[in-house]
Amino acid sequence: MRKLRLGVMISGSGTNLQALIDACQQHGYPAKIEVVISNRPDAKGLERARTAGLKAVTIDHKDYEERAAFEDAVHECLTDHKVQLVCLAGFMRLLGADFVGRWKDRMINIHPSLLPSYKGLHTHARALEDGVKFAGCTIHYVRPEMDNGPIIMQAAIPIAPDETEDSLIAKTLTYEHRMYPAAVRLIAEGKARVSGHKVVIKEDVPLPEVGLICPLP
């Protein structure tokens, strides 16, 4: 079986990276990680990658005077490793339109809210402050606008009356860690494609039992 070649980009602890590492180690999973790239040399996710025997690369954005030069270096690293799908997994830098255009429909992101609500940072705190009844997380194809693009999969997460920011973060991560490998599988098996501003699922597929996970029809 020819496996989809992944490049995972991180900035921090890499818990979603670990979820992808674990999935890729399972027999029959249709993807493999070719390289892990961090823009922060102290990112704990780099050690996760090395522990798993993966190529782990630091491309520190602070070493470049211009964003374009940094993104060129990232692009070169991805292409050198023949990456077919870029997975942003807690990558905390906005990417420019040129870079996003190079990887259009070949780059996905996970965000801890029910997009298009609560784009940007501090999503859990903002949801609690507003008193909404459901938080969530979203996996989507990347577009130049922040936290925007065709949605592959979402989970609606009930907010308990006594919910705190920490408890909601922990709850959301349990959903994310099941969803990201499932979304990559859909793409690797050719069961998800972009059509206009939406993602079309080719056929009915089993989804992880983590709540209200809803790929678009």
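Buried means under 20% relative accessible area, exposed means over 50%, and partly exposed lies in between (1.4 Å probe, protein chains only). The model shown is predicted: local features need pLDDT of at least 70, side-chain atom pairs count only at pLDDT 80 or more, and totals for chains, interfaces and linings use all residues. Residues are numbered from 1 along each chain as its sequence is written, and side-chain values use heavy atoms, with hydrogens and water left out.

**View 1. Strand 5 and its two faces.** Helices (H or I, at least four residues) and strands (E, at least two) are DSSP runs, numbered from the N terminus. Strand 5 covers residues 107–111, and five of its five residues are buried. In a regular strand the side chains alternate between the two faces of the sheet. Met107, Asn109 and His111 lie on one side of strand 5, Ile108 and Ile110 on the other, and all are buried.

**View 2. The neighbours of strand 5.** Two strands pair if DSSP finds at least two bridges between them. Strand 4 (residues 85–88) runs parallel to strand 5 and is joined to it by three bridges. Cysteine 87 has isoleucine 108 in strand 5 as its bridge partner. From strand 4 the chain passes through helix 4 (residues 97–102) to strand 5, a right-handed β-α-β crossover; right-handed means that, with the strands pointing away from the viewer, the path from the first strand over the helix to the second runs clockwise. Strand 6 (residues 134–141) pairs with strand 5 in the antiparallel sense, over four bridges. Here histidine 140 of strand 6 stands opposite asparagine 109.

**View 3. Helix 1 and its surroundings.** Helix 1 (residues 15–24) is largely enclosed by the rest of the structure, because seven of its ten residues are buried. Among them are Leu17, Leu20 and Cys24. The buried residues of helix 1 pack against several elements, including strand 1 (4–10), helix 2 (44–51) and strand 5; contact means heavy atoms within 4.5 Å.

**View 4. Nonpolar cores.** A nonpolar core is a set of buried Ala, Val, Leu, Ile, Met, Phe, Trp, Tyr and Cys residues joined through side-chain atoms within 4.5 Å. The largest has 40 residues, of which Ile108 and Ile152 touch the most other members. Helix 6 gives the most to this core, with eight residues. Apart from it lies another core of 20 residues, among them Val57 and Trp103.

**View 5. Cysteine 77.** With a disulfide taken as a pair of cysteine sulfur atoms within 2.5 Å, the count is zero. The sulfur of cysteine 77 is too far for a bond, because the closest cysteine sulfur, in cysteine 87, is 14 Å away. Cysteine 77 is buried, at a relative accessible area of 9%.
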